[in-house]
Every structure is written in C-alpha cells, then in structure tokens.
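Subject: Structure for you, with notes

Hi,

Here is the structure for you to look through. My notes follow below it.

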Amino acid sequence: MPALRALATCALLAFAFCAQAKVVEPCRVPGIKNEVLCGKLARPLDPAAPNGPQIDIHYVVVPALARNKHPDPVVMLAGGPGQSAIRIAPQVLPLFTRLNNRRDIVFVDQRGTGKSAPLDCDDLRHRPLADEADPQFQVTQLARCREQLQKLPHGDLRFYTTTIAMQDLDAVRRQLGVPRVNLVGVSYGTRAALEYQRQFPAAVRRSVIDGVAPPDMVLPASFSTDGQAAFDALVAACRTEPVCATLRDDWTGLLASLPKPVTVIHPLSGQPESFTLTRDMVLGAVRGPLYLPAAAAALPQAIHAAARGRYEPLAGLNSLLGGRKGMAISMGMHFSVVCAEDAPRLSQATDPPGADFGADFARLYQRICADWPRGAVADDFYRVPPAASPVLLLSGGVDPVTPPRHGERVAKALGARARHVVAPNAGHSVIGLGCMSDVLFRFVDAVDDHEALAVDADCVTRVPRPPSYRPITLPREPAQ
Amino acid sequence: MHPAFIVYRKELTDALRDRRTLLVVLMSSVLLGPLVLVALSVFIATFESRAEQREVHVVGIEHAPTLANFLERQTYTIKKAPPDYEQRLRAQKYADPVVVIPPDFEAGLVNGDAPIVEVISDSANRQASGSAGRIQRLLRGFNRERATLHLAMRGVAAELVEPMQLEERDLASTQTRATQFTGMLPFFVMLAVLYGALNAALDTTAGERERGSLEPLLMNPAERVSLVLGKWGAVASLGMLIAVLSSLSFIPAQWLLRSDTLAAMFQYGWREALLFLAVLLPFAAALSAVLMAVAIRCKSFKEAQASTAVLVLGISMLPLVQIFQQTGEEPWQWWVPALAQQTLMTRVLRGEGFSVEQVVVPLVVCVGLSVMGIVFVGRMLRVAAVR
C-alpha cells in the first residue's frame with residue numbers, strides 16, 4: 001500500500017510539474033540579475049461573483065538552484081499596505097540567497113499593487129516641499145485619485161481587503177502545485193501572513209513575521225502612540241550624550257515656534273522654496289527617520305537646526321526614506337485596506353494619542369476614509385487563533401510603527417508554536433540586520449519544528465544604538 | 001569461437017590479472033575527479049562558514065568607537081588581531097585580513113580629515129585575500145552611511161548621490177553558473193580514460209615484443225586481423241571501463257559535498273553521466289588504437305612510454321586552449337580529438353544542447369582514428385613477423 005501511495009504521489013507531482021511548466025514562463029525582472037519565472041492567474045474581483053469582472057494576479061518565482069529542490073517555497077509578503085512584492089524583490093532577495101539553494105522564492109503582487117489590478121495614485125515624490133506635507137493637499141489629491149480609480153474596470157474599491165487578497169495567494173499556491181508554503185512578511189505583510197494562516201492553517205509550514213502589525217491594531221491610532229514612544233526613547237537616550245543633550249528643549253522650542261515662514265532649498269532640485277512650516281510637516285518629517293535608527297541618530301542635530309530656522313537638515317533626512325522608487329506605495333490599495341480594516345474601529349481604539357504626535361494623523365485618515373468605499377470585514381479577521389505551525393516574530397525595540405507590544409500580544413495569541421525575538425535597538429524591520437539571513441535560513445530549513453523554534457537569534461539582540469550624528473567641525477584657527 | 005574473441009579474452013584476463021597496476025589506475029584516475037570535487041567543496045564551505053561567522057579582525061579598534069558601533073550594528077563580532085599579524089599572514093598562519101585603524105581616527109572623522117584605514121592581507125595567502133573583498137565592502141558601508149547622512153543634513157536628496165540605477169544582468173543559466181566551479185571535471189575524466197588505456201596498450205604491444213612473446217603469437221594460425229582486433233578490443237574495453245566508472249563516480253560524489261551552494265549548483269545526474277559516456281566511449285576506442293599504434297613501433301616498454309609521453313602531454317595541455325582562447329568555441333575545435341570531447345562534456349555540464357556537427361564530427365574523427373590505428377598496428381605486426 002505505501003508503495004502504491006508513493007506512486008500516486010509521484011504521478012501527482014509529475015502532474016503538478018507539468019501544470020507549473022505551463023503556467024510560468026521565463027522572464028526578466030528589473031533589478032534581479034538572473035532569469036526568473038513569471039506567472040499570472042485570473043481571479044474574480046468579487047469573490048461572491050465568480051463570473052463577474054476578473055483581475056490578473058501577477059507573480060514571480062525565483063527558481064531554486066538545486067535540481068532536487070524542497071517542495072515548499074518561501075513566499076514574501078510585502079508591506080505598506082500597498083507595496084508591490086515584485087518591485088521589492090531585488091532588495092530582499094539577498095536575504096534568501098541560502099534558502100534559494102533548495103527552495104523557490106515566490107513574490108506575489110497583492111491585488112491593488114504592482115501589476116495586479118494596481119490602484120496607483122499620482123506620484124507625489126517630486127513635489128514642492130509644501131505640497132508634500134500639506135494635509136489639505138493630500139486629502140484633495142486622494143479624493144481625485146479615488147474618483148479616477150473608481151472609473152477603472154477593476155475600480156470597485158470594496159474588494160481589496162486582506163482577507164480576499166489571501167484567498168488570491170492560496171489560489172496562486174494551488175496553481176503552483178505546492179502543498180505548503182513558508183511565509184515571510186514584513187510590516188503590513190505580517191497582517192497578511194496572520195490572515196493567511198488563519199484561513200489556510202494547513203497550507204503553512206513556517207512563518208517569519210517582522211514588525212508585527214496585527215489585524216486589531218487600529219493603525220491610525222497606534223501610529224501616534226508608537227511614534228511618540230520611539231521619539232521619547234530618542235530623547236531619553238540623548239540625555240547621556242553631550243552632543244544632543246539639548247534635544248528636549250530644541251524640540252519644545254521648535255513646536256512652539258510653529259507655524260512660521262521658512263525658505264528651504266529643495267533636496268532634489270536645489271531651488272529655494274518659501275512656505276509656512278506647520279506642525280504637521282514637522283511631525284511628518286520626524287516620523288520618517290525614526291523608522292531607521294541610523295537616520296534617527298541625526299534627528300537631534302536636524303531638530304536643533306530647525307529650531308534655529310534652518311529646515312534643510314530635516315527635509316534632507318526625510319528625503320532619505322521616502323525617495324526610493326521601489327518603495328512606492330499604491331495609495332488606492334493602501335486606503336482600501338486601512339479604511340476597511342482599521343478606520344471603522346478608530347472609535348474603539350484604546351491607544352492614547354502621543355503628547356506631541358496627537359490625533360492629527362488619525363483625523364487625516366478619518367477624513368479620507370469618510371468617502372472611501374468600505375469592504376466587508378468578518379469579525380473573525382480580528383482574532384488570531386493559536387498557530388498550527390511555527391511562527392518566528394521579530395520586533396525592533398525603537399520601531400515607531402510596529403514596536404514589540406504588538407508582537408508580544410500576537411505571540412501570546414499564537415501560543416506554544418510562536419517565538420518572539422526583540423532587538424532592543426532596531427527600528428522598523430529586524431530581518432534586514434546582517435546576521436538575520438542566517439537565522440531565517442536556519443528557522444525555515446530546520447526539519448523539526450522544535451529545532452526551528454529553538455533557533456539562535458541572539459546576534460540581533462546585541463545590536464547597539466547608533467551614536468548621535470556629529471557634524472564635521474573645522475578646527476579653530478590657532479592664536480597668533 | 002571467433003579467434004579475435006579468444007585473443008580479446010586472453011588479453012583482458014592478462015590485463016586484469018595485474019591487480020596492482022589496475023588498483024593504482026583505479027585509485028589515481030577514477031577517484032581523482034570526485035576527490036577534486038570534494039576538496040573544492042570543502043574550500044568553498046570554509047569560505048562560506050567564515051563569511052557566516054561575521055568576524056572582523058582589527059588593530060586599534062579602541063581609537064574608533066564610531067566604526068566599532070557601525071560594525072556591531074552590522075552584527076559583526078570585532079576580534080583583536082595579534083601584534084605579529086604581519087608575520088602570521090605571510091606565513092599563512094592567519095586566515096583573516098586585518099583592519100588597521102590609526103590613533104587619530106575619531107578626531108579625523110569629526111574634522112573631515114578622511115583618516116586612513118588599512119585592510120591588510122597577503123595575496124599569496126589565499127584564505128586571507130579571499131575575505132579581503134568582503135571586509136572592504138563592509139567598511140565601504142560605513143563610508144556610505146556617513147556620506148548619506150552628511151549630505152542629508154545639508155538638505156541633499158539621496159537620489160543625487162546615484163543619479164542612475166546600475167543593474168547587473170547575468171545571462172548564464174543555473175547550470176552554467178555551476179561550471180565556473182566544476183569546469184575542470186571533464187579534464188580529469190579524460191585523463192582517467194587515458195591512463196586506464198595507456199598501460200594495457202603498452203603491455204600488449206611493446207611489452208609483448210620485449211618479453212619475446214610476440215613472435216610465437218604471430219606463428220599462430222589465427223588471422224592477423226583477429227589478433228589486432230582482439231588486442232585493441234581488450235585495451236579499449238579497459239579504457240571504457242574506466243570511463244564508465246569515472247563518469248558514474250560523480251553521482252555518489254555529490255553526497256559528500258560540504259558546501260550546500262556547490263551541491264545545489266552542481267547538477268550531475270544520470271542524464272549527464274550517460275551523455276559523458278556517449279562522448280567518452282568512442283574516444284576511449286580511438287585513444288586505445290592510437291596508443292597501440294605509437295607503442296607497436298617501439299622495442300621496449302620503456303621506449304614506448306617515452307613515445308606516448310608526447311601524446312599524454314598533448315592531452316594534458318588541452319585545457320589551456322580553452323583558457324587562452326578568447327573567441328569562444330571555433331569550428332576547428334570539433335576536429336581536434338580530446339579538445340572536442342572536453343568541449344562537449346563542458347556543454348553537458350552547462351546543460352546546453354548540441355548541433356549535428358558537434359556530435360558527428362568528433363565521432364567521425366574517433367572512428368577514423370580507430371580504423372587508422374588498427375590498420376597501422378596490423379601492418380606493423382606483419383613487418384615484425386618478417387623482421
């Protein structure tokens with residue numbers, strides 16, 4: 001009997017292989033050195049109307065090097081919400097080099113992002129500084145974008161929720177003919193991963209979720225609390241460093257001086273721009289660098305300069321993070337997800353707004369979501385059931401959006417098969433830290449579940465805080 | 001029973017009876033390829049594990065707290081290099097490059113003085129120089145982080161540092177990429193076949209004459225052509241046996257690979273083994289005939305060894321053609337025995353297909369050489385009989 005079963009499995013595998021040979025074909029992806037495989041899958045826009053309008057879900061498979069590869073690929077879930085997984089593939093592939101020896105790496109553009117029925121709004125990257133941070137400008141822009149998107153054949157914005165997107169992902173898994181997948185999700189990708197394993201627990205072998213953004217976190221509200229905590233941690237750390245001891249005073253002074261007229265050289269064009277600097281702009285500009293401790297280390301100096309009327313350092317520092325092309329977010333998809341899943345629960349949110357960061361950001365989301373079509377979200381979506389397979393949770397101690405408190409709560413809900421690793425001095429995303437690619441490899445590659453959960457991740461807990469940025473100082477002229 | 005087969009059986013028994021020679025041939029030629037493969041994988045594995053350890057060996061780290069912090073943030077462990085690191089690097093007793101930091105590093109950094117940091121290795125010390133590139137990339141990361149921050153603090157966007165995105169495209173398939181490591185395997189397989197046939201070829205011709213057993217043999221009523229075919233068949237069989245053994249030996253050899261990356265890249269299965277054999281069997285036949293033709297003219301075993309040395313040397317030098325030739329595969333290559341086989345086997349390892357010309361030409365050459373060799377040996381035997 002076992003022999004017969006083995007034979008049947010072989011036949012099935014051969015069939016799956018044939019099916020795969022048909023659905024994916026060799027292609028090139030910008031930024032990836034070698035040839036990869038591309039595939040697409042038609043899915044109904046509305047799951048309840050299988051014969052209604054269809055959309056194409058695009059995905060990329062980076063094939064394993066080995067001929068005798070493992071049957072369970074690694075699937076990368078992008079952040080945002082609104083990032084294209086395929087577009088970030090070149091940046092994250094180095095993480096998977098060792099896993100890629102024996103496993104395929106799969107990047108699926110979630111519906112609404114990248115090539116899969118994209119919900120893109122105008123690129124606001126290269127706008128005048130004043131526009132970039134003006135809430136009124138953003139609200140108008142997004143309202144216009146929403147109207148344009150709704151005219152698209154796939155423009156019914158109610159069908160872009162995480163729940164539906166994860167059903168797409170499972171359809172891709174079935175098309176690829178793989179029994180189980182290993183999930184790697186960063187930021188919003190963690191919410192996607194949690195939702196996938198809630199709906200399809202048997203299809204997951206291992207998951208790594210980094211910067212945990214659980215379904216119940218009410219993003220616009222927690223954003224203020226967590227951003228404030230990360231900023232306060234910076235202030236506290238500065239007390240021990242003479243270079244930035246005045247941070248608290250500089251910050252209070254800066255906020256008190258707003259709004260004020262400034263003239264700033266644009267980071268990209270070099271042209272001077274004059275506008276009124278508002279509290280929103282400053283908070284927005286401070287929030288960006290907090291994601292990355294190396295950039296946050298320069299915040300004290302930038303705030304010091306801004307308090308004295310020079311806004312360039314803060315503008316320049318902020319351009320470090322928002323500028324990259326691959327990181328672009330499909331704003332239509334972003335708001336379709338957040339307005340359906342987070343915004344309705346804003347009134348129930350228990351997270352207190354940060355002392356400086358306040359509730360402005362939540363109000364901005366509320367204004368935009370007021371007119372945004374809202375998808376149906378089941379109550380079960382907000383519950384995290386015990387994990388059926390090992391989950392490695394990663395949190396950065398000074399992350400301004402997904403700090404360890406969310407990871408802790410989720411780890412408890414996931415139960416015995418979850419392991420939470422906190423890197424005290426890391427920001428948003430721990431997985432990018434040097435040694436993590438080896439930790440990731442060992443966690444996914446371990447044959448035994450216990451062995452996987454016992455993986456040694458100490459190397460990231462020892463990562464230090466970067467010292468505060470010190471500007472170049474010219475030596476004083478020697479006295480004659 | 002056909003007289004040629006009787007000769008064949010007798011010659012083969014003779015060759016196989018000499019167990020010691022056979023064992024030496026087996027050990028040296030058949031095991032050589034897999035041994036090289038395993039040794040290569042151990043080399044790559046040590047290189048990989050050194051990279052995984054994430055250590056950087058430094059002199060004067062106490063002068064550079066900012067750099068130390070950067071290295072720790074990249075999850076590297078800082079190790080103090082011993083004072084006599086220069087001698088040790090030269091004597092190959094130290095396997096890591098050493099980073100030397102000047103005493104005024106921190107002040108230089110703050111004053112915009114660009115302090116000099118040295119990465120010291122010894123280009124004759126393979127292990128240390130192999131890691132030097134990795135350490136340099138790590139240190140350049142420090143430069144990039146500082147530069148980006150300095151520019152951002154002056155209000156300059158990060159995009160201005162790199163006005164264009166530079167992307168690399170590698171056209172090679174997975175299998176072709178693996179041949180950068182395993183490219184020398186065909187060469188070892190061919191040498192194995194050569195040495196497998198060499199002894200038997202010399203023994204059955206010059207050896208027989210030296211022992212004085214050639215004349216009695218020729219007095220037999222058997223046709224001369226049967227004698228020649230039997231002898232050639234025996235020699236060729238031995239060469240082919242070695243070809244089979246060495247081609248198949250790479251299949252189990254893969255289990256011993258220490259480097260996961262190499263194991264994943266080296267795609268050698270039954271298909272490759274059979275294609276290797278398709279290339280090697282006609283070659284073994286031709287090589288046997290040619291070796292016999294060279295040796296039959298010699299009076300002693302020793303003289304025959306000297307004469308065939310030219311042939312052995314020629315085949316040993318062939319890989320150089322592939323290294324020095326910058327123009328890629330040329331049509332004339334398919335007409336050169338040994339070189340054609342080597343190129344064909346490289347194509348098999350790369351997972352590439354063949355054109356009709358690439359298959360037919362080397363085969364025709366092999367058959368031609370075999371026939372010419374056999375005819376020549378037959379003629380020489382007639383001369384020997386009269387002499």
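A salt bridge here is a side-chain nitrogen of Lys or Arg within 4 Å of a carboxyl oxygen of Asp or Glu. By that rule A:D72, A:R103, A:R205 and A:D445 are linked in a network. Keep in mind that this is a predicted model.

**Salt bridges**

The whole structure holds 35 salt bridges, counted over all chains.

Start with A:D122 and A:R144. Their side chains meet in a salt bridge, at 3.8 Å from N to O. A:D122 sits in the loop between β5 (105-108) and α4 (129-132) of chain A, and A:R144 in helix α5 of chain A, so the bridge ties together parts 22 residues apart in sequence.

Next, B:D96 and B:R50. The closest N and O atoms of this salt bridge are 3.6 Å apart. B:D96 lies in the loop between α5 and β3 of chain B, while B:R50 belongs to helix α3 (residues 32-53) of chain B, so this pair ties together parts 46 residues apart in sequence. Buried means under 20% relative accessible area. B:D96 is at 12%, so it is buried. B:R50 is at 18%, so it also counts as buried.

Then B:R271 and B:E272. Their side chains form a salt bridge at 3.4 Å, N to O. B:E272 is buried, with a relative accessible area of 0%.

**Helix packing**

Two packed helices are described by the angle between their axes and the distance between the axes.

In chain A, helix α14 (residues 331-341) packs with helix α15 (residues 360-370) at an angle of about 100°, and the axes are 10 Å apart. That angle makes α14(A) roughly perpendicular to α15(A). On the α14(A) side the contact is made by A:H334, A:F335, A:V338 and A:C339; on the α15(A) side it is made by A:Y365, A:I368 and A:C369.

In chain B, helix α8 (residues 174-182) packs with α15(B) at about 130°, with the axes 7 Å apart. The two helices are therefore oblique to each other. α8(B) contributes B:Q175, B:T176, B:T179 and B:T182 to the contact, and α15(B) contributes B:T346, B:V348, B:L349 and B:R350.

**Backbone**

Most residues other than glycine have a negative phi, and most peptide bonds are trans. Here are some exceptions.

Chain A has a cis peptide bond between A:G80 and A:P81, with omega about -10°. A:P81 is in the loop between β4 (74-77) and α2 (85-92) of chain A. The bond from A:L258 to A:P259 is cis as well, with omega near -10°. A:P259 is in the loop between α9 (247-256) and β8 (260-265) of chain A.

B:T75 has a positive phi, near 55°, and is not a glycine. B:T75 lies in the loop between α4 (65-73) and β2 (77-80) of chain B. Its relative accessibility is 9%, so B:T75 counts as buried. B:Q92 is not a glycine either, yet its phi is positive at about 60°. B:Q92 is in the loop between α5 (85-90) and β3 (98-100) of chain B. With 46% relative accessible area, B:Q92 is partly exposed.

**Two buried residues in chain A**

A:T161 is in the loop between α5 (135-150) and α6 (162-176) of chain A. A:T161 counts as buried, at 2% relative accessibility. What does A:T161 touch beyond four places away in sequence? A:A340, A:E341, A:G375, A:A376 and A:V377.

A:M166 lies in helix α6 of chain A. A:M166 is buried, with 2% relative accessible area. Leaving out residues up to four places away in sequence, A:M166 touches A:L77, A:Q110, A:A192, A:E195, A:Y196, A:Q199 and A:F200. A:M166 and A:R198 are 32 residues apart in sequence, and their C-alpha atoms are 9.9 Å apart.

**A surface patch in chain B**

B:F354, B:V356, B:V359, B:V360 and B:V364 form a nonpolar patch on the surface. Together they have about 420 Å² of accessible area. B:F354 is in the loop between α15 (339-350) and α16 (356-386) of chain B. B:F354 has a relative accessible area of 32%, so it is partly exposed.

Best wishes

How values were computed:
Residues numbered from 1 in each chain as written. Chains lettered and ligands numbered in written order. Predicted model: local features only at pLDDT ≥ 70, side-chain atom pairs only at ≥ 80, totals over all residues. Heavy atoms only, no water. Patch = residues over 30% accessible without salt bridge, like charges linked within 9 Å, V, L, I, M, F, W, Y side chains within 5 Å. Areas by Shrake-Rupley, 256 points an atom, 1.4 Å probe, with all protein chains shown as cover. Helix = DSSP H or I, 4+ residues; strand = E, 2+ residues; numbered from the N terminus. Buried < 20%, exposed > 50% of the residue type's maximum accessible area, 1.4 Å probe, protein only. Axes fitted to C-alpha atoms, helices over the stretch in contact; angles between N-to-C directions. Parallel < 35°, antiparallel > 145°, perpendicular 65-115°, else oblique. Contact = heavy atoms within 4.5 Å.
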